[in-house]
Amino acid sequence: MGPCASKPPDPAHDFMKAVVVRNYGVLGKRMAGGGEEAAAPAPDKHTMIVDPCSARFVRTQGCAIADAGGASGAIYEFIGYRDDAGFPADVVNGIEREGDVFYHKYGWPNSKHVIHCVGYDFRTYAKRELGDLALSPEIARDLLAKLYERLLMETAKSGPSTLRLVPVSAGIFAGPLLGDMPAITAEALLDASAACRAACFASSKMVGAKAERDVFADYAAHATVELCVYLERDFARYEAAWKAAVSKRVATDPTRSHK
């Protein structure tokens, strides 16, 4: 019996308990019926929000907020983005291509915490990256799991206890996988937390400075993770997919059988 199998707490299990699916976007608003309405408080200094950004928009100085559109446009208004200034240099340098994730704290003293992440365009991904292979839900799940792993670690290291997360690549960029995205998102998030857990245990033998992945274990133990679904019509599907994925993971995870 290795020490990793029996060593409590299990950060991946803590993460599963921390996640709740919410029917509002990261700014606390939702689209219901024919219009947008407030459904939760706006993010405060203890909340991290995820911006599903465009690398082109971030890296092109002088883009107008109107060009961002959707969730990103609303986020940029919230953080006080100015068309003439563009993004901070560290954000520009950190965001280049699909799969990139970068954290920045905007403003002081009422800071606004944002993780910019570039999702995958699954409408064209197979043609650009897979050659003769077809895009499958499994391939999308693996790609998003790696992105979510980086995103979770950035959040864990940065401090805010609440994460408002969007389903990445789940809108127009989902392409042929649109109907599968609730399940893909749920499974990819669970894969990401399991990867953080595995790295946490693997690095626990480090001597001296605390292992980086131990930060995730600390974070998962007290975090609140809101999977934010902006459209009322999509909420029930994401909520059901998350519950089903968690039930399946708990039933098949051998580590949960250890006391």
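Arginine 128 and glutamate 98 form a salt bridge, with their closest N and O atoms 3.0 Å apart. By salt bridge I mean a side-chain nitrogen of Lys or Arg within 4 Å of a carboxyl oxygen of Asp or Glu. Arginine 128 sits in helix H7 (residues 125-130), and glutamate 98 in the loop between helix H6 (89-94) and strand E5 (101-106), so the pair ties together parts 30 residues apart in sequence. Helices (H or I, at least four residues) and strands (E, at least two) are DSSP runs, numbered from the N terminus.

This is a predicted model, where local features need pLDDT of at least 70, side-chain atom pairs count only at pLDDT 80 or more, and totals for chains, interfaces and linings use all residues. Residues are numbered from 1 along each chain as its sequence is written, and side-chain values use heavy atoms, leaving out hydrogens and water.

Back to that pair. Arginine 128 is partly exposed, with a relative accessible area of 41%, and glutamate 98 is partly exposed at 23%. Buried is under 20% relative accessible area, exposed is over 50%, and partly exposed is in between, with a 1.4 Å probe and protein chains only.

The structure holds 14 salt bridges. Another of them joins aspartate 191 to arginine 141, with closest N and O atoms 2.6 Å apart. Aspartate 191 is in helix H9 and arginine 141 in helix H8 (residues 137-158), so this pair links parts 50 residues apart in sequence. Shared partners join Arg141, Glu187, Asp191 and Arg249 into one network of salt bridges.

Lysine 17 and aspartate 14 also form a salt bridge, at 3.9 Å between the closest N and O atoms. They are 3 residues apart in helix H2 (residues 11-18), which means a separation of about one helical turn. Are the two partners buried or exposed? Lysine 17 counts as exposed, at 60% relative accessibility, while aspartate 14 counts as buried, at 14%.

Next, the largest pocket. A pocket is an open set of points on a 1 Å grid over the protein atoms alone, where a 1.4 Å probe fits, with protein on both sides within 12 Å along at least five of seven lines; lining residues have an atom within 4 Å of a point. The lining of the largest pocket has 47 residues, and Pro52, Gly70, Ala71, Ser72 and Gly171 lie nearest its centre. Which helix gives the most to this lining? That is H5, with 8 residues.
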